[in-house]
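Here is a short tour for anyone who likes to check contacts and angles with their own tools. Please keep the viewer open as you read.

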Amino acid sequence: MQHIKQYVEQNKQRLLDELFDLLRLASVSADPKYKPEVLKTADYVAAKLRDAGADNVEICQTAGYPIVYGEKIIDASKPTVLVYGHYDVQPPDPLELWKTPPFEPTVRDGKIYARGACDDKGQFYMHVKAFELLMQTDTLPCNIKFMIEGEEEVGSSNLGIFVKANKEKLKADVVLISDTSMISMEHPSLETGLRGLSYLEVEVTGPNRDLHSGVYGGAVANPITILAQMIASLHDENNHITIPGFYNDVVPLSEAERNALNSAPYDEAGYKQDLDVAELWGEKGYSTFERTGTRPTLELNGIWGGYIGEGAKTVLPSKANAKISMRLVPNQTSDAITKLFTDHFLSIAPPYVKVKVTPHHGGEPAVTPTDSVAYRAAQKAIAESFGKEPIPTRGGGSIPIVALFEAELGLKTVLMGFGLDSDALHSPNEKYDIYNYYKGIETIPLFHKYFAELSN
């Protein structure tokens, strides 16, 4: 451990400068105008993998953005870790809410503010630098492969094709991902599961054109009003989702599982203060940890229609739209839930509007075993690095490719994230603590060490 800390200390500024260079690249995969920046980011990642000592580094083309691959095979008889991450980021909008420019990393109170700082540039780059550390100190104990993609934030639609076509190239013993969070640095944790996702868009159409609200108002249904009513009906008074059959495949936690989950440190007052909300909201009968990690949800992600420009325009709009995401728990499947939603939403549409539902992307929930060699290696690594055992938790987010890796490669995943729930992922002023970044670079080599030892 001492040689690890010494290497990080001696290279602190360079490790930070390189991350800042990566964060300055506006690799927004959702918006075509950023395409040159996304491609430039793939080049940067490939160059840094080569610099760190990886062999056979490739920028693998897909129908969308490329996947960066690299490897270091020191001994075919030793175990192999496949490191996954993504170099694309969420759009920075709304720009006016950022205190500093989203693609000009800025340090305030020991935290790096930039789009992608935590999700996932800061986190995947820890692995590149941890690998560099192992190479430079001649302590690499196992084989490592890297697969860093550029479409995670838009559903990873081309990753499955790549994985299926490259099973031999990607052959490994475990997948290691840092794209999740810990409870805190004082209470380190390891996520043992992730929710799945069904993401779709709905469109409600009334009249064949925008109308004068004075001339037609009161005689023609307003699509915004109807859409709002339809969406409001998707939850009941207990915030339970009303779609028939939605909960059919949900397996309730046992009392022992609920007790274990809720034994993790939790400061509700601090939670509310951080979000500036007076009260929390959620499905009746469940704790915050259960609501955010083990229960399915339905959230409205965006809604629009009519006139939203400066000043007034008395219009009765022709259309109204919304984007909706549903987080899924084990035994639910994205295709089944997407169909349930679509059938239900169409069935509740009144006759004075037309409704269209367009699925965008989905992913399956996943649970990682806590008795595997890889999980125990992660436990030992965190215990040594932090001086205390990690708490097992369930993650509320979705990484759809975790289920893909198991289905196509037969590999389980270890979710060893170093972010915090308060890091404003997908929001303005996303951040990542410099301490967490360095701590990740210190801890990841220990995972490789213990994984190699425990695999013998």
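Which residues does Ser385 touch, not counting residues up to four places away in sequence? Ser385 touches Met1, Lys439, Thr443 and Leu446, where contact means heavy atoms within 4.5 Å. Ser385 is found in helix α12 (residues 373-386), and with 8% relative accessibility Ser385 counts as buried. Buried means under 20% relative accessible area, exposed over 50% and partly exposed in between, using a 1.4 Å probe and protein chains only.

A word on the basis of all this: the model is predicted, local features need pLDDT of at least 70, side-chain atom pairs count only at pLDDT 80 or more, and totals for chains, interfaces and linings use all residues. Residues are numbered from 1 along each chain as its sequence is written, and side-chain values use heavy atoms, with hydrogens and water left out. Helices (H or I, at least four residues) and strands (E, at least two) are DSSP runs, numbered from the N terminus.

Glu389 sits in the loop between α12 and β17 (391-395). At 54% relative accessibility, Glu389 counts as exposed. Leaving out residues up to four places away in sequence, Glu389 touches Pro188, Gln379 and Ala383.

Four strands form an open, antiparallel sheet in the order β12-β14-β10-β15; two strands pair if DSSP finds at least two bridges between them. Strands β12 (297-305) and β15 (354-363) stand at the edges with a single partner strand each, so one side of each is left without a neighbour in the sheet. On average, neighbouring strands are turned by 15° against each other, direction ignored. Strand β10 (residues 196-205) pairs with β15 in the antiparallel sense over nine bridges, and Leu200 stands opposite Pro359 in β15.

Two helices meet this sheet. Helix α7 (residues 223-232) packs on it, touching β10, β12, β14 (319-328) and β15, and makes about 15° with the direction of β14. Helix α11 (residues 334-347) lies across β10, β12, β14 and β15, running at about 170° to β15. Such angles run from 0 to 180 degrees between N-to-C directions, and axes are lines fitted to C-alpha atoms, for helices over the stretch in contact.

Helix α2 (residues 12-23) and helix α3 (residues 35-52) have axes that come within 10 Å and cross at roughly 155°. That makes α2 roughly antiparallel to α3 (an angle over 145 degrees). Here Glu18, Asp21 and Leu22 in α2 meet Thr41, Tyr44, Val45 and Lys48 in α3. The buried residues of α3 include Val38, Ala42 and Leu49, and what covers the buried residues of α3 includes α2, β1 (55-60), β2 (67-72), α4 (121-136) and β6 (143-149). Just after α3, Gly53 takes a positive phi of about 120°.

| Residue | Phi | Relative accessible area |
|---|---|---|
| Ser156 | near 55° | 8%, buried |
| Asn331 | about 90° | 51%, exposed |

Ser156 is found in the loop between β6 and α5 (159-165), and Asn331 in the loop between β14 and α11.

Finally, look at the backbone for cis peptide bonds. The bond from Asp93 to Pro94 is cis, with omega near 0°, and so is the bond from Asp119 to Asp120, with omega near 0°.

Key:
Angles under 35 degrees count as roughly parallel, over 145 as roughly antiparallel, 65 to 115 as roughly perpendicular and the rest as oblique.
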